[in-house]
Structure formats: structure tokens, C-alpha cells
Amino acid sequence: MRHVGLGQARLGKVLAVILVALAAVWVPSAGGQETVTLTYASYGGALKDAEVKAFIEPYMKLHPNIKVLYDIIDRAKLIAMVESNNVTWDVADVGNDFGLKAHEKYLEKIDCSVVPCADLQPDKYPTTGYRVAWSVSGVGLGYNTTKMPAGQTPQSWADFFDLQKFPGKRSSMNDVSSFVLEVALVADGVPAGKVYPLDIQRGLRKWDAIKSEVKFTDNFQGCAEAVATGDAVMGLCWTGRFATMRKNGAPVAIQWNGTTLNGGYFAIPKGSKHVKEAMQFIAYMVSPQPCALISEYIPYGCPNVKAAAYVKDSVKPNLGTSHAATAIFINDVYWDQHRDELFKTWQAWLTK
Amino acid sequence: MIDGPGPAALPVRARAHLVDGWGLLTLPGVGFLALAFFVPLAGMMVRSVSDPSPANYLAVAETPVFLRSMLYTFEVALLVTLICLVLGYPWAYLMNQAAGRWRWVLAAMVVLPLWSSLLVRTYAWTVLLRDSGVVNQLLERIHLIGQPLPLMGNTLGVAIGMTQLMLPFMVLPIFAVLRQIDVDLLPAAESLGARPLAAFVRVLWPLSLPGVFAGCLLVFVVSLGFFITPALLGSGRSPMLSQLIVEQTNVLFHFGVGSALAVVLLIVTFAVIWLGTRFVPWTQALGYGESDRA
């Protein structure tokens with residue numbers, strides 16, 4: 001019998017050690033549960049930081065067998081995924097213009113015995129059962145505090161459209177889905193609760209008066225930045241940007257009277273491989289405490305009526321929901337039915 | 001103008017070379033292109049007539065915004081191409097004339113920006129060009145202007161931003177061709193009595209035409225599809241077609257109309273290029289004829 005050489009014996013020992021080490025790593029976790037990986041798709045950037053701190057990390061701590069991966073949302077991609085039967089997302093943050101009747105066929109039905117649907121104010125943040133409201137934000141009037149006429153600050157949208165009282169350029173989002181028409185109607189005297197159905201021509205006439213003095217931009221950051229740098233004295237932009245710039249020291253203030261409010265929504269793409277776990281994750285995120293927690297990291301409100309008790313007093317002034325009394329609530333159902341017409345009409349006016 | 005024989009006049013020996021040995025090496029590349037590019041392109045064309053119907057093209061034709069945007073897109077692409085040519089040709093010429101180390105410096109100045117993010121460079125332009133930006137502040141401080149100049153939020157801003165991004169694509173093809181031109185040709189022309197300008201127009205320019213054509217084609221076609229720069233530096237009131245296509249597919253989820261717009265852009269682009277070939281001897285520009293005569 002050939003004796004095993006020293007080199008071969010050593011090799012044998014090394015292999016044995018490696019195998020034991022691998023076995024130790026691959027031993028299933030305590031409890032013997034399999035790890036479920038959920039993919040969460042949202043907008044990235046500052047929102048990602050907030051979502052990770054308020055939702056993802058706490059949830060993964062509570063449920064060690066759940067792993068949450070982050071991806072960037074793209075609704076067209078979601079539709080393509082469902083159509084080609086290759087769904088890799090489990091929870092998608094879809095925005096208020098998605099998930100109503102027109103998109104039900106791409107989404108899983110929400111199980112309201114798991115998700116607290118009734119607490120989420122469905123009268124203000126509409127859903128047909130395929131999406132769940134989780135955040136509240138909107139556009140508002142921001143102004144540069146160093147560029148205001150002596151002793152005056154804008155009190156309402158009417159001042160945004162008043163070039164005599166407040167001379168200077170305006171900054172505005174250039175798309176109709178930033179509620180430029182709702183705002184114009186309120187500025188023209190329509191009560192905030194009565195703007196729907198939108199009188200498009202009346203809104204456009206209001207914009208005609210200031211069109212030449214407006215810098216239209218299609219990105220959230222640029223809109224607010226124009227006000228912060230003083231290139232524009234007032235801006236019609238998403239309030240989250242104004243609030244963050246103000247926190248960072250820019251001479252920007254927000255006139256909350258007439259701010260628009262709309263929900264952000266979670267949905268589960270049809271064909272997701274972990275519908276049950278996704279539903280439970282959504283239920284966690286919209287429950288009062290985690291939902292209120294997001295307001296500390298990003299200026300979004302929470303639609304859950306029970307969350308108000310948990311929102312820190314220090315962040316309340318920056319949230320649109322704190323100013324709901326004078327706010328314009330966006331009617332998503334109206335939008336779902338008239339979106340194409342609104343886009344076409346506004347764009348024809350804008351590019352003339 | 002120097003004329004060369006067209007592809008039909010290729011000697012038989014050259015034609016036989018296309019399908020053996022070296023030609024087969026292109027198969028993996030062509031295969032990849034077919035799968036990753038041509039198949040989705042075909043899918044998009046099918047979608048433009050099937051989602052929901054060829055009425056998509058009617059929608060494109062009947063909407064003035066789309067037609068205006070298409071015209072504006074071609075205008076901007078043409079403008080950027082011309083500016084790049086006027087700035088890029090002298091740069092390539094300088095690079096060609098420069099000795100050793102300086103050639104690298106000039107090349108680096110043009111190529112290095114390519115390695116940084118397009119988005120970052122475009123944002124940097126907003127810091128320079130906006131009303132309260134560096135350029136306006138400088139001009140106001142030295143009292144050259146009283147009011148800030150509108151340098152962005154219009155076609156000027158878009159042109160500036162896109163020119164910086166597209167310049168390497170003009171300089172490098174022209175430089176590549178200039179390098180191959182015999183250095184003695186210009187002095188020879190001058191010794192025969194040509195003044196410098198005439199020597200350039202009648203000797204150097206025609207020989208560099210392949211590079212010019214390649215550069216212009218590259219810059220023009222890439223400029224047509226630009227999205228980020230017009231979105232950040234342009235005005236929301238003059239969208240380029242790419243912005244409208246994105247709006248149709250990503251905001252309104254009208255995949256059919258978006259596809260139709262894209263197909264129309266493709267067809268019009270081919271038409272414009274075809275028109276260009278009526279004025280430029282493209283077969284000679286692409287290098288046919290000369291080197292194939294073995």
C-alpha cells in the first residue's frame with residue numbers, strides 16, 4: 001500500500017477545514033425559516049435614504065428572515081415586466097397618477113384584512129383597491145425672502161400671478177401634472193374644494209397674464225433652485241425641495257395657503273413572487289408609527305389618521321398635511337379620466 | 001473634387017474577401033447587435049402599429065406640438081453639428097500639427113471630459129450659465145452688462161451644453177483622417193503657386209472630407225436623441241422630440257404613440273442623411289475605391 005505523502009496529507013487537511021467552514025456558513029438560520037428577498041422599487045436619492053431609515057432597516061430587524069433590496073421605480077418598466085411575465089419587483093412606489101382603474105390589470109388586489117385600508121382616508125386619497133396610500137406631498141408657493149418688496153410676503157396663489165404687487169420672474173414646473181391649472185383657478189377666485197371639474201380655459205387665461213415672466217422647467221430640483229438663487233422671486237414647485245433647501249440655509253420660505261395635496265401609493269405588480277410578504281411589508285409601512293417616522297427624514301405627511309399622534313412637533317410645520325385646512329386636494333379619479341386631454345391642451349398652450 | 005469608383009466597381013478580388021476568414025470574425029458582433037438592437041427596434045416598430053393600431057401615426061401627424069418639436073430637434077442638431085465643425089476642425093488641425101507632448105495635451109483636453117458623467121457636466125453648466133451664475137456675475141461685476149443675460153433656459157444654453165459634449169466626436173474622426181494625409185502635400189501646393197487659403201480649400205479639405213463626414217454624421221445623429229441636456233438647459237416651452245417620446249412612454253404610458261414618434265424620427269433621420277449624401281461624395285467619404293485597388 002502506498003503511504004499517503006506529506007503533501008497529500010496536508011492537502012487533505014486543508015480541504016477538510018474548508019469544507020467545515022463552508023458547512024458552518026451554510027447552516028440554516030435559527031428557526032429553520034428560508035430567507036425571503038423582497039424587492040422594493042422607489043425614487044432613490046433623498047427618498048431612498050429616508051425609506052431605508054424609516055422602513056427598510058427597522059423591518060429587516062423585526063423580521064430577520066426578510067431581506068429587502070432597493071431598486072429604482074419606472075412605471076413603464078413595471079408595465080413591461082407584467083406584460084412579459086417577468087416580474088422582479090414586489091413593492092412599487094407608484095405615484096398618484098398610477099394604480100386606478102386604468103392600471104388595475106397590472107397590479108395585485110390589496111388584502112384589506114392585512115393592510116389597514118380604512119385608516120388611510122380613502123375619501124382624500126382615492127384607491128380602487130389596487131394601491132395603498134402611504135405618503136402625502138404636493139406643490140406649493142415658495143418665495144425668496146430677500147427679493148420681496150418691503151414688508152410684503154405672498155399670502156396666496158393670487159399673489160403668484162400678480163406681477164404688479166410682486167414684480168420679478170417666476171419659476172414653475174412645466175407639466176400639467178404638477179397641478180398648474182388647479183393653482184391658477186384658485187388664484188382666480190375658485191374655492192379650493194370646488195376646482196373640479198377643471199375649467200381649463202380659465203386656468204390658461206390666468207397663466208397668459210404672466211407667461212412671459214415664467215421660467216418653466218421639468219425637474220423638481222431646478223424649479224426650487226431658481227427661487228433659492230434669486231433667479232426667480234417665487235416658485236410653483238414641490239414643497240419637499242423648498243423645505244430641504246430652507247433647512248440647509250437658503251433664503252426660501254413657503255406660503256402654505258393653497259398648497260396642493262396628493263398621495264404617494266404602494267402597489268404590488270401582478271405576478272410578484274412574494275405577494276403575501278409584500279402585503280405584510282406594506283401593512284407595516286402604513287401603520288401609524290413607521291409612517292409617522294418617515295416625516296422625520298423627508299417632508300412627507302402620512303395619510304393614516306392614527307399617525308398624527310406620532311409625528312414629531314418639530315417636523316410638523318414643514319408638512320403639507322399640517323396645512324390641510326386651506327389645501328387643494330387633488331382628485332386622482334378626475335385626473336385618471338382626463339389626463340390625456342389635460343396634457344395635450346396644456347402642452348399646446350405652453351409650446352405656442 | 002476627387003472622384004472614386006463606386007462599390008459596384010470594386011475589383012472581383014476585393015469582393016471575394018468580404019465573405020471568407022476575416023469577414024466571419026464579424027459574426028459575434030453582428031449577432032450581438034441583432035439581438036440587443038435590431039430585435040427590440042423591430043419590436044418597437046411592430047408596437048407602433050399594433051398598440052392599439054396604426055392610428056398612432058395619425059395622432060402624430062395631427063398634433064402640432066409633435067411636428068414643431070421635430071423641426072426644433074433637427075434645427076438644434078444641425079446647429080450643434082455646425083458649431084462643432086467650426087470649432088472642431090481647427091482643433092483637429094492643431095492636434096495634427098502639434099509635436100509629441102502637445103498633441104497629447106490637446107487630445108486630453110477634448111477626450112477627458114468624456115470620462116466624467118454627462119449629468120454632472122450638464123449640471124455644471126447650469127451653475128455657470130444661470131441668471132445668478134458665474135458668467136453673468138462676472139460680466140456684471142466688470143460692468144459690461146446691467147441685467148443678467150439669458151444664457152440658459154433657451155436654445156443658446158442647449159447649444160452650449162451639447163457642443164461641449166459632442167466636440168470629441170467631431171475632433172477625433174477628423175484628426176484620424178488628417179493624420180493619414182501626406183505632410184508634404186500642402187508645402188508642395190504652395191511651391192506650385194497656391195496661396196495658403198487656396199491650398200487648404202483645394203488640397204487639404206477634400207482629403208479630410210471622410211473625417212468631416214464621419215464627424216458630422218456622428219454628432220448630428222447623436223444630437224437628435226439628446227434628452228438630459230435639453231431638459232436641464234433648455235426651456236420647458238421648446239421640448240425636443242426625445243423629451244416628448246419619454247413623456248408618452250413614461251408619463252402617459254402610451255407605448256404605441258411613443259413608438260410611432262420614434263419610428264418617424266428614425267425615418268426622417270435617414271431621409272436627412274440621404275439628402276446629405278447628394279451633396280457629399282459619400283462613397284469616397286467612407287473610403288471606398290482608393291485603397292481597394294490592390
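Author: In this predicted model, the buried residues of H11(A) pack against strand S7 (214-217) and strand S10 (260-267) of chain A, together with H4 of chain B.

Reader: Which residues of H11(A) are buried, and what makes a residue buried?
Author: A residue is called buried if 20 or more other C-beta atoms lie within 10 Å of its own. In H11(A), the residues that are buried are A:Asp332, A:Trp335, A:Leu342, A:Trp346, A:Gln347 and A:Leu350.

Reader: What span would a straight helix of 19 residues reach, and how far apart are the end C-alpha atoms of helix H11 of chain A?
Author: The expected span is 1.5 Å times one less than the number of residues, so for the 19 residues of helix H11 (residues 332-350) of chain A a straight helix would reach 27 Å, whereas the end C-alpha atoms are only 23 Å apart. H11(A) also bends, by about 70° at A:His338, this being the angle between axes fitted to the seven residues ending there and the seven starting there.

Reader: What makes the largest nonpolar core a core, and which residues have the most contacts inside it?
Author: The term is used for buried residues of the nonpolar kinds listed for a core that are joined through C-beta atoms within 7 Å, and the largest such set has 90 residues, with A:Val91, A:Val132 and A:Ile282 having the most contacts inside it. The largest share of this core, seven residues, comes from helix H5 (residues 180-187) of chain A.

Reader: Why is this core said to lie between domain 1 and domain 2 of chain A?
Author: Domain 1 (36-137 + 262-318) and domain 2 (139-258) of chain A both give residues to the core, and therefore it lies between them. As for A:Val91, beyond residues up to four places away in sequence it touches A:Leu38, A:Tyr40, A:Phe266, A:Ile268, A:Ala278, A:Phe281 and A:Ile282.

Reader: How many residues of chain B are in contact with chain A, and what makes two residues count as a contact?
Author: Two residues are in contact if their C-beta atoms lie within 7 Å, and by that rule 18 residues of chain B are in contact with 21 residues of chain A. H4(B) gives the most to the side of chain B that touches chain A, with three residues. By class, that side has seven nonpolar, seven polar and four charged residues.

How values were computed:
Residues numbered from 1 in each chain as written. Chains lettered and ligands numbered in written order. Predicted model: local features only at pLDDT ≥ 70, side-chain atom pairs only at ≥ 80, totals over all residues. Helix = DSSP H or I, 4+ residues; strand = E, 2+ residues; numbered from the N terminus. Nonpolar A, V, L, I, M, F, W, Y, C, P; charged D, E, K, R; others polar. Buried ≥ 20, exposed ≤ 12 C-beta atoms within 10 Å, placed from the backbone. Domains from an automatic or database assignment.
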